[in-house]
Amino acid sequence: MKLKTLSLIAAASAALGTMATEIAAAPAPLQGDAAATGVFTGRDKFGETSGEAMYRNVCAACHMPDAKGAQGAGMYPALAKNPKLEASGYVLSVMMQGLNGMPPLGRMMSDQQAADVTNYVRSHFGNRYKDRVTPADAKAARPQ
Amino acid sequence: MSQNLNPGMSKRDLLSLIGAAAGGTAMYMAMGAFDQAKASNFKGPVKLDGRAKGKSVLILGAGVAGMTAALELGRAGYQVQILEYQDRVGGRSWTLAGGDSYTELGGATQQVGFSAGNYINPGPWRIPWHHHGLIHYCHELGVGLEPFMQVNYNAYVHSTSAFGGKPQRFRHIQADYYGHVGELLSKAVNKGALADTISKEDGEILLESLRSWGALDKNFRYVKGRESSNRRGWDKEPGGGLTAEPIPSQPMTAETVLRSGLWRSIAGNLTWDHEFSIFQPVGGMGEVAKGFERAVGKVVRLNSKVTAIQQSEAGVTVNYLDTKSGAKMTASADYCICTIPLPILAQIDMNVGPELAAAIRSIPYSTSCKVGLEFKRRFWEQDDQIYGGISYTDLPNSQISYPSSNYGAKGPGVLLAAYTGGVPGYELTALSPQERIAKVLEWGSQIHPQFKSEFVGGVSVGWHRVPWVLGCFGQWSEEARAEHYKNLCAMDGRIMLAGEHASYYGGWQEGGITSAIDAITRLHQHVQAA
């Protein structure tokens, strides 16, 4: 399966009526903490500059700031103390392929960003995995 | 201005013009690769001929899809019941007004403090004229429609990297873009640069059309004067009496308009999904839910969380939890129409075939975040003369939409001050409701400096934190569509899915309605054949 991020964004925008094509392409200049973390600098690619910034500003939307997930009519799984995170390849695979309703957010990240956030989550929130993934691992996990 | 056709134009010339127009349409269709560009397949009021044979149908979800199914199946004689997770009907057909409260995943509860009559629609907010199914039910169920001001020439387009960050009027950008493109193309025609492409005769027609389209002067130039000011407005507008004479305004240069990037704002208003006429329900999108509730509310059981869906030769059994009492309940029927959003359904124990099971697990849900802000007064009308419509910006809030009703009201007004997807959609959702509002005030004040001094309060909905859908809408890729769409819609034993996710209308209520009608029509045929 090959799926381009751009077409994802375009399709989403069409239905939303946000119409990405209406927006000047250049991202807004950095302001305040954005300059450090990269938050709110991207439009169709994340601008976050560290794994921690990516987690706090993106992943936390669903998995929550404490990584404990959430429960409504359905649930978002906790990433805190999650034994599934032991397999780094699984984490990268979910990010690049998506899972159930989760979009393949890794496709909106660079290889470096995807590796950084994977390493951050696997070494925080009660997860203590010592091995680290590399940008090359992230690249290899992308759909071919 | 409407009589611009050259009086000397022959019938043949006119026919060529029409041909050119048809070519443009064909080109648009070819370019409009989005599935959403297709017309509604609503074929008029539903008529299910034949008997229901005493059969019962359990419907899961009281959004517009589930309630359409209940309404029409009930009319055909089926016994219907709907189970709904929330304490209200409507699903994403939803309005947040003063007195409402909303609790998102993570536990943050927002009490909406808007004044009477002010609201936002967190989900769908407009109804194109060609969404025939939804409009049919609005008419039938007594839901009033009013124009949604999709295009406002006096609203702003804004880029942080153009004009020193100063917002521009949409009218100036559109008029100057059309004008300069018209002049440039005229020059190409006059230089014979298109001689290989169109005949001399057609070139002359093209020149006339460019003069009309671009507001060019008699020499095919887009310059300061009556023609251009009739589009972009005057420095001093025409009046009455001794000081009446208008003074034309100075168009921007072609380079300025092109380099600003603000021409990107023009095309969106031309899309099939956003062309006039486009409507909103009077009083908010929640009125659609109320209309359906008047018709089928009596068959809806609220506060019912589905936990398992099992089918057998004998029928379908659904286990659910009464979320108020905690009691474990069971409902059974001959058939089931399931409209539960896929991220939720993927987590529910369900015995269906592998194809449907795979389809349910394969559709990611889009991000989207809306922030509504209330201000002490309608400064956009009073100070900026903006009555409805949308301003666009490259800031993360993407757009500011002004209310399309109650123009001139003296009291507080509510803006949709952010409606954004993509990267900023996730990033806004990750913030707390208070932080979202603080960010949007910061961004919005770059377009309307009144934001900070006039602010009263606000409410935000990041769709990935909505407990009953976990995202905004099903985001189909072409690959997923090819692999899973037919499997998702096909009848699986006694179960069929419906909802916007089972349509080519991602994110629109018309998809929910037309998919429900398609599902119940096939179900009825199945019952007739059995």
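Predicted model: local features only at pLDDT ≥ 70, side-chain atom pairs only at ≥ 80, totals over all residues.
The C-alpha centres of domain 2 and domain 3 of chain B lie 33 Å apart. Their contact, meaning C-beta atoms placed from the backbone and lying within 7 Å, takes ten residues from domain 2 of chain B and nine residues from domain 3 of chain B. The domain 2 side divides into five nonpolar, four polar and one charged; here Ala, Val, Leu, Ile, Met, Phe, Trp, Tyr, Cys and Pro count as nonpolar, Asp, Glu, Lys and Arg as charged, and the others, Gly among them, as polar. The bounds, from an automatic or database domain assignment, are 96-123 + 366-465 for domain 2 and 155-268 for domain 3.

Residues are numbered from 1 along each chain as its sequence is written, with chains lettered from A and ligands numbered from 1 in the order in which they are written.

Let us turn to two backbone details. Phi is positive, near 80°, in A:Met64, a buried residue with 20 other C-beta atoms within 10 Å. B:Asn406 also has a positive phi, near 55°, but counts as partly exposed, with 13 C-beta neighbours inside 10 Å. By definition, 20 or more other C-beta atoms within 10 Å make a residue buried, 12 or fewer exposed, and a number in between partly exposed, with C-beta atoms placed from the backbone.

Finally, the peptide bond from B:Phe276 to B:Ser277 is cis, with omega near 0°.

Note on methods
Contact = placed C-beta atoms within 7 Å.
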